[in-house]
Amino acid sequence: MKTFYWLLKREYWEHRGGFLWAPIIAGGILLLLQLLLVGVMGSLFARHGGGYNVNDIVEKMAKGNWDDAGNLFELCILMPMIVLNAVLGFVVMFYGLGTIYNERRDRSILFWKSLPISDSRTVLSKLVSAVVVAPIITSFICVGLGIVSALIYAIPLGLGGADFGKLLAHTHIVSMLLGLLALVPLYALWALPAVGWFMLCSAWSRSVPFLWGVAVPLIAALVLWMFNQMAPFDIPVGWICQNIIFRVLVSVFPVSLLIASGHSQGSDPVAIILSNYAMLGSLKLWLGAAAGAAMIATAIWLRRTRDDA
Amino acid sequence: MNAVVSASGLSKRYKFSAALDGVSLNIPAGRIVGLIGPNGAGKTTALKAILGLTDFDGNLSVLGFDPRTQRNALMEQVCFIADVAVLPRWLRVSEAVDFVANTHPRFNRAKCEAFLARTKLQPKMRVKQMSKGMIVQLHLALVMAIDARLLVLDEPTLGLDILYRKQFYQNLLEDYFDENKTIIVTTHQVEEIEHILTDLIFIRDGRIILNADMDSLAERFSEVMVNADRAALARSLHPLDERQIFGKSIFLFDGADRATLESLGEVRRPSISDLFVATMKGTYA
């Protein structure tokens, strides 16, 4: 247990840039943009019709339409978080593609292998870093981002004389943020085939794991499609793309989970977020996770046996 | 006495060549063994096999473990420095010490910190900010603080200046080595380890062509400096090698009679590098 904790710490030391600074910097930029939108361009947007802004919220509040105002306010705060989760997807993808390949390339694998730590523990620590540690860090940064951006909106709303407390009461920001954290375990299961595939490519490829990890599934999809066009076969290309190629590439992006689970409509975000857990009953999730586990096992075996460092 | 390393019929084939070809050897505890051979002779493959980093045919037992299947248990007792630059560039000194301290059961943190205090390394320093010599100092400090029974060094001083090289071996001898430990080292800088070795193994084309302790080596091999007028006589005794210096010939003999040699000229103990060059003649031809 202690060794595993230090292995996770080791991954964090090495990838602080991706795990911590990438979401913080992206979040900072989003906050700046928000400040600009709210402070400088707020009314501009309204005049051109597109998008939402502070004035819309104020208008709705003035009409006594508190629920709509709350929803709009929620959306303003949710937007940056969606971006941050896209950043997480890229971070996890590049981490997975690099993690086993890079230690071979810089030969540091010879140092790590000089310690009495098994390959399975090492690879599993990398997996947990990708699907648990990185998402949790991003979620906490989302919470901070949510609080700061709520404050950014609070100032002009408050200056406009609105009852900010009452507006907050008509939102579900706190439960939304908690829900985000609650989704991490489901995300870990959902992302397993993609992360497993990336780590397998990382363990296997002699050079450019990115090409293997990303180009091969895309080319496979293209070839299947062309094959289908030319010959009178009935290959279920759509099904394959959706259930294999899409899972292997896109499952690292948390939003793909929300799309796949087709989250239910409703007013209570906690219920909406937790409704994603209905996925636990789907074969699709578990087959993907099993495939991911098999690929991780292969990556462990590869790390143990190959000696071309 | 249990052998630290015992191998028989150790073989490993790569696509185009045999890296190890039926190697058999026994290394007892408390020895410092030099594994010397030309490039591509199979030194590194032999070390990799001992460390469980590669697959092989034949029998090999290291400290009683099979490196193929019991690698994790083995690595608690074995340390290795494989080349100068294997510490990852992002690692800080403090992180390296923390990590090894918390993952290696036989690591002595105080010892490591004492070693580090004798260097210019700072806890916040990253490997990428260090010179090659400093990286090796860090690696050596980590390794010497581990109470291991076998230390494997593969070209540990490659690319270091002479100050670091001398210091490296001096530290090993003074602060690390004792009768319970065994060191296996490969290097091309043979002259520098000559006086610290207890045993010498020459390897060529995957085969061991010489395996002797230093004392018996001195008895077996001798070098004689012969004047030109007696050179023909010396040649008739089948020397291993002959070279010319200042109009005199130097002959290298394997197992020749001492008294006969002394009648030819001045007899002395050959250096390992001369012995090496003589034995490896024609390797690259």
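**Figure 1. Domains of chain B in the predicted model.** Domain bounds are taken from an automatic or database domain assignment. For chain B the assignment gives domain 1 (5-205) and domain 2 (217-280). The model is predicted: local features need pLDDT of at least 70, side-chain atom pairs count only at pLDDT 80 or more, and totals for chains, interfaces and linings use all residues. Residues are numbered from 1 along each chain as its sequence is written, with chains lettered from A and ligands numbered from 1 in the order in which they are written. Over C-alpha atoms, the centres of domain 1 of chain B and domain 2 of chain B are separated by 35 Å. Their contact takes eight residues from domain 1 of chain B and seven residues from domain 2 of chain B; two residues are in contact if their C-beta atoms, placed from the backbone, lie within 7 Å. On the side of domain 1 of chain B that touches domain 2 of chain B, helix H7 (190-193) and strand S8 (199-204) of chain B each supply at least two residues. Helices (H or I, at least four residues) and strands (E, at least two) are DSSP runs, numbered from the N terminus. S8(B) gives the most to this side of domain 1 of chain B, with three residues. By class, the residues of this side are five nonpolar, no polar and three charged. Ala, Val, Leu, Ile, Met, Phe, Trp, Tyr, Cys and Pro count as nonpolar, Asp, Glu, Lys and Arg as charged, and the others, Gly among them, as polar.

**Figure 2. Overall view of chain B.** Chain B contains 11 helices and 13 strands. Its C-alpha trace spans about 70 × 40 × 40 Å along the principal axes. Of the 285 residues in chain B, 42% are buried. A residue is buried if 20 or more other C-beta atoms lie within 10 Å of its own, exposed if 12 or fewer, and partly exposed in between, with C-beta atoms placed from the backbone. Among contacts in chain B with a separation of 6 or more, 69% join residues 24 or more positions apart.

**Figure 3. Packing of helices H4 and H5 of chain B.** Helix H4 (residues 109-117) of chain B packs against helix H5 (residues 132-144) of chain B at an angle of about 155 degrees, and their axes are 8 Å apart. H4(B) is therefore roughly antiparallel to H5(B). Angles under 35 degrees count as roughly parallel, over 145 as roughly antiparallel, 65 to 115 as roughly perpendicular and the rest as oblique. Axes are lines fitted to C-alpha atoms, for helices over the stretch in contact, and angles run from 0 to 180 degrees between N-to-C directions. B:Cys112, B:Phe115 and B:Leu116 in H4(B) meet B:Ala141, B:Leu142 and B:Met144 in H5(B). This contact of H4(B) with H5(B) comprises six nonpolar, no polar and no charged residues.

**Figure 4. Helix H1 of chain B and the residue that follows.** Helix H1 (residues 43-50) of chain B is largely enclosed by the rest of the structure, because eight of its eight residues are buried. Among them are B:Lys43 and B:Lys48, together with B:Leu47 and B:Ile50. Just after H1(B), B:Gly52 takes a positive phi of about 70 degrees.

**Figure 5. Two residues other than glycine with positive phi.** Most residues other than glycine have a negative phi. B:Leu63 is not a glycine, yet has a positive phi of about 55 degrees. B:Leu63 is placed in the loop between strand S4 (57-62) and helix H2 (71-75) of chain B and counts as buried, with 22 C-beta neighbours inside 10 Å. In chain A, the phi of A:Val208 is positive, near 35 degrees. A:Val208 lies in the loop between helix H8 (184-204) and helix H9 (209-230) of chain A and is exposed, with 12 other C-beta atoms within 10 Å.

**Figure 6. Surroundings of A:Met295.** A:Met295 is placed in helix H13 (residues 283-305) of chain A. The residue A:Met295 is buried, with 23 other C-beta atoms within 10 Å. Not counting residues up to four places away in sequence, A:Met295 touches A:Gly196, A:Trp197 and A:Leu200.
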